Amino acid sequence: MNVLKDLFQDYKFKVSFIILLILIFYACLSFFSPYDTALWGEVPRDLPPSMEHPLGTDSRGIDIFWVGSFAVRNSLIIALIAGIISRMIAVPVAMIAGYNGGTIDRVLMFISDSFLVIPLFLIIILLAMLVRDSMNLVTLGLLLACFGWAWDARVIRSDILSLRERGFTQTAILSGTNTLSLVLKEYMPFVMPLVFATLINVMAWAIGLEVTLAILGLVNLDIPTLGTMLYWALSYQAVLLGYWWWVLTPVVLAVLLFISLYWLSVSISEYLDPRSRIQRVGA
Amino acid sequence: MNFLRSYLIPRLIQYFLVIFVGVTAVFIIPRLLPSDPVVRTISELRSRGSYLDPASIDNMVAELTEMYGLEGSAFDQYIAFWQRLFHGDFGVSFFQFPTPVMELIGNALPWTLGLLLITTAIAWTVGILLGGVAGYFNRAGWSRALDTAAMIVRPMPYYLFAFALLILFGYIFPLFPVAGGSDIGRQPSFRWSYISDVLRHAFLPALSLILLGIAAWFQTMKLIVQNVNSEDFVQYAKFGGIKESRIVNRYVIRNGMLPQITALALLIGQIFSGALITEIVFSYPGLGSLLYNAITNGDYNLIMGITVISIVAITTAILILDLIYPLFDPRIRYS
C-alpha cells in the first residue's frame, strides 16, 4: 500500500488514475443501456446534444452517449486481451533469455529484434485481412497480442540480467533452490511492477492500432469500439455535415484514454527507475 | 579482417535473415486465406454485373492463376515467388488492372521517401536540440512547460493526431489543402509554382509527423541529458569555467546524441508505419494511400509488393545507420 501512497504524490498518477476510473465507470454504464446499440433507428437521427440524448444521436439513429459507453468497454476489452496475452509471451521469453543467456538468449533476442525492425503495421494488416470474416473482440485482441510482446520482452530481460548479478541469486543457488522457483519466487516480485507498466503501455498501443485498423475497415464494424465509432462518423461525412458531436465523442474519449494510460505508465516507470522511461507509443 | 569476422559478417547474416523471414511471412500469410483469390476475383467481377460465358471464365481462371503466382505446389510457388522478387516483379495490380505493381509503387515511393526523410530529419534534430537544452536547464519553467506539452502530444496515435490537424487547419481555419500531393492536373517541373504547391500540400502531413516526432525525441533526449548532467566531466567543465553554451553544445548534447542514433535505427520501422497512416488521413499520394486503395479493393499483389519493398527498405536503412555509427562515435572502431 505504501507504493500506492508514493505514486499518488505524483500529479500525473493522480490525474490519470481519476480519468481512468471515470472512463471505466462510463464503460460499466453500458450494462444499463436503455437502447440496443446494435439496432439502427432506435432513436431519431442527427440530433444535437440535448437533455434526452446527452451526446446527441448519429445518422444511423443510435444514441451516441450509450454507444460510446459500449465503445469504451469493447476497446478496453481488446486492450486487456492484447495486453495480458502478450505479457504471457513477453515474461517467459524475457526470463528464459535473461536467465540462461548464451545461444537461447541470442536466438530469442533475434526474434524480438526482427519484430521491432519489420514494419509490423503492414504484417498486421495482411493478417487482419486474413481473419476479417471471423474478426471479433477476441481475435483482434489475440492478433495484437502476437505483435505486442517484442519490445517489452527486451525491457524485462534487461531487468532480469541485472537481477541475476545480485547477491541473493548466488545465495539462492548455493542453498539449493531450483531454477524455476528461483525465477518465479525471487525474481517475479521485482519485475512485477515493470510488467504492469508495460501492460498499461501495450494497452494504449492496442487501442491506437484498433482505431487505425477500424478506419481501414479491417475489423468487425458492427461491434462498437472507439475505432468503429470514428469509422461510421467518417463514412457518413459527419465532419463535412457539421455533426461535431458525432466525431468529437470518439476522438475525445480516445484522447482521454490515451493520456490517462500513458501518464499512468510513465508515472509507474519513473517511480521504478527515474533514469529511464520505457514507453513506446505509435503505430 | 577482425572487423569483418567479428562485426560485419554476423550483422549481414542478421540483415539477410530478417529479410528472408519477413518475405517468407508475406508469402505464407495470404495463402492461409480460406477463400481462393481467383474464385473471389471472378465472383467480384460478376457481382459488378459483367456477363461472362463459361469459356472466357476458364481462360480467366488460367490467367489469374498465373498472375497471382498460384501454379504448382506450395514449394514451387515459393521458389517462383523469390525468382520474381529478384526481378522486381510483383505481378499486376488488380484495382488498376493492367498496371504492374512495381510501377504503382515506383510512382508512390518518392512521395513517401520525401515526406519520411524530411520529417524524420527535422523532428530528430529539433527534438534533440530542444531536449538537450531543456534537459540541461531542467529546473527552468519553460523546460517544465515543454515537458508537459510533450507528455500530452506523445501518447496520441498517428491517426488521431493527423485527423485533429486536418479538422483544425483544413475545415475550421482552412489555411492548407486537405488532400493530395499537388493540385490536380499540374505537371511536375522545377518551377517555383509547382514546388510551392507541393510544399503547401505536404505541410499538414509533415506537421503532424514532425510534432509527434519532436515530442518523442524531446522526451528521451531530456532524460538522457539529465543523466549526462550528473557525470563528472560536466561538473569538471563547469568548475573549470568553460562557457555554458560550449558545455551544452559540445559536451552534453554530443554525448546524449549517441543513444538517440541507436534509437532512430530501432524506431525507424514504427516511424515508417506512422507515415503510411498519416498519408492515408491526408490522401497523400505515397505508399500509404496506395496501401489504403489496395486494402479497400482486396488487391493482394499490391499489398504484398508494398510490404516486401517496405521490409527491404527499412532493414537496409537500419543496416546503413548501424554501419555509419562509428562516424558519430569515435570510440567505436568495430575491432
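The crossing of helices α8(B) and α10(B) is right-handed, a crossing being called right-handed if the near helix is turned clockwise from the far one by less than a right angle, and left-handed if anticlockwise. Before I go on, this is a predicted model, in which local features need pLDDT of at least 70 and side-chain atom pairs count only at pLDDT 80 or more, while totals for chains, interfaces and linings use all residues. Side-chain values use heavy atoms, without hydrogens and water, residues are numbered from 1 along each chain as its sequence is written, and chains are lettered from A in the order in which they are written.

Returning to the pair in chain B, α8 covers residues 192-229 and α10 residues 244-281, and they pack at about 150° with their axes 10 Å apart. That makes α8(B) roughly antiparallel to α10(B), the term being used for angles over 145 degrees. Their contact has 16 nonpolar residues, 8 polar ones and no charged ones.

Turning to chain A, Asp152(A) lies in helix α7, residues 150-164, where helices are DSSP runs of H or I with at least four residues. At 3% relative accessibility Asp152(A) counts as buried, which means under 20%, with exposed over 50% and partly exposed in between, for a 1.4 Å probe and protein chains only. The side chain of Asp152(A) is joined to that of Arg87(A) by a polar contact of 2.8 Å, that is, a pair of N or O atoms within 3.5 Å, one able to donate a hydrogen and the other to accept it.

Lastly, the cysteines: Cys28(A) is partly exposed at 37%, as is Cys146(A) at 40%, and the structure holds 0 disulfides over all chains, a disulfide being a pair of cysteine sulfur atoms within 2.5 Å.

Note on methods
Axes fitted to C-alpha atoms, helices over the stretch in contact; angles between N-to-C directions. Helix = DSSP H or I, 4+ residues; strand = E, 2+ residues; numbered from the N terminus. Parallel < 35°, antiparallel > 145°, perpendicular 65-115°, else oblique. Nonpolar A, V, L, I, M, F, W, Y, C, P; charged D, E, K, R; others polar.
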